[in-house]
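Trainee: Could we go through this structure together, checking each label against its cut-off? I would like to see how every conclusion is reached.

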Amino acid sequence: MEMDFAPAPKVVVIYPGYYTADTPNDFARAFLSFERTTYPRSQWRVVIPENPSAHGSTKYLVESLRSLSSSDVWSQIEVVVREADGGFTGANLTGLSSARA
């Protein structure tokens, strides 16, 4: 008997950017897990909303990590820089809005 499986549902991971001393290691671990996932790449992406900062740390960190890797996982990752600081809630709402687009 042949079984038909429905395609995997689309998934969006919202990963708010918040810079601390541990952020570089946290991002590296998270992105390694994204590279290793067996979930179909066409069915997931990561949105990283970042509140404005003087240093633009999250966007800079993602671009730096992207330049160190040849993995195609980076095409699944988008950094969205907010115009105004909305705190954790605002970052998540921006991520949700981007996920729906």
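Mentor: Gladly, and let us begin with a term. A salt bridge is a side-chain nitrogen of Lys or Arg within 4 Å of a carboxyl oxygen of Asp or Glu. A search of the whole structure finds two of them. Keep in mind that this is a predicted model, where local features need pLDDT of at least 70 and side-chain atom pairs count only at pLDDT 80 or more, while totals for chains, interfaces and linings use all residues. Residues are numbered from 1 along each chain as its sequence is written, and side-chain values use heavy atoms, with hydrogens and water left out.

Trainee: What makes the contact between Asp26 and Arg29 a salt bridge?

Mentor: The N to O distance of this pair is 2.6 Å, and the cut-off is 4 Å, so the label applies. Both residues belong to helix α1 (residues 23-36), and because they are three residues apart, about one helical turn separates them. In general, an α-helix has 3.6 residues a turn, so residues three or four places apart point the same way.

Trainee: Why is Asp26 called partly exposed, and why is Arg29 called exposed?

Mentor: Buried means under 20% relative accessible area, exposed means over 50%, and partly exposed is in between (1.4 Å probe, protein chains only). Asp26 has 29% relative accessibility, so it counts as partly exposed. Arg29 has 52%, so it counts as exposed. Ala30, also in helix α1, has 11% and therefore counts as buried.

Trainee: How do you know that Glu78 and Arg45 form a salt bridge, and which parts does the pair tie together?

Mentor: Their side chains meet at 3.1 Å, N to O. Glu78 lies in strand β3 and Arg45 in strand β2, so the pair ties together parts that are 33 residues apart in sequence. Glu78 is partly exposed because its relative accessible area is 32%, and Arg45 is partly exposed because its value is 23%.

Trainee: Which residues are in contact with Glu78, leaving aside its neighbours within four places in sequence?

Mentor: Contact means heavy atoms within 4.5 Å. On that basis Glu78 touches Arg45, Val46, Val47, Ile48 and Ser98. Ser98 is 20 residues from Glu78 in sequence, and their C-alpha atoms are 9.3 Å apart.

Trainee: What makes a stretch of the chain a helix or a strand here?

Mentor: Helices (H or I, at least four residues) and strands (E, at least two) are DSSP runs, numbered from the N terminus. The chain has three helices and three strands, in the pattern β-α-β-α-β-α along the sequence.

Trainee: Why is Phe88 called exposed, and which residues does it contact beyond its neighbours within four places in sequence?

Mentor: Phe88 has a relative accessible area of 63%, so it is exposed. Its contacts of that kind are Pro16 and Asn51. The C-alpha atoms of Phe88 and Asn51 are separated by 8.5 Å, although the residues are 37 apart along the chain.

Trainee: What share of the chain is buried, and how many of its contacts join residues at least 24 apart?

Mentor: Buried residues make up 31% of the 101 residues. Among contacts between residues at least 6 apart in sequence, 75% join residues at least 24 apart.
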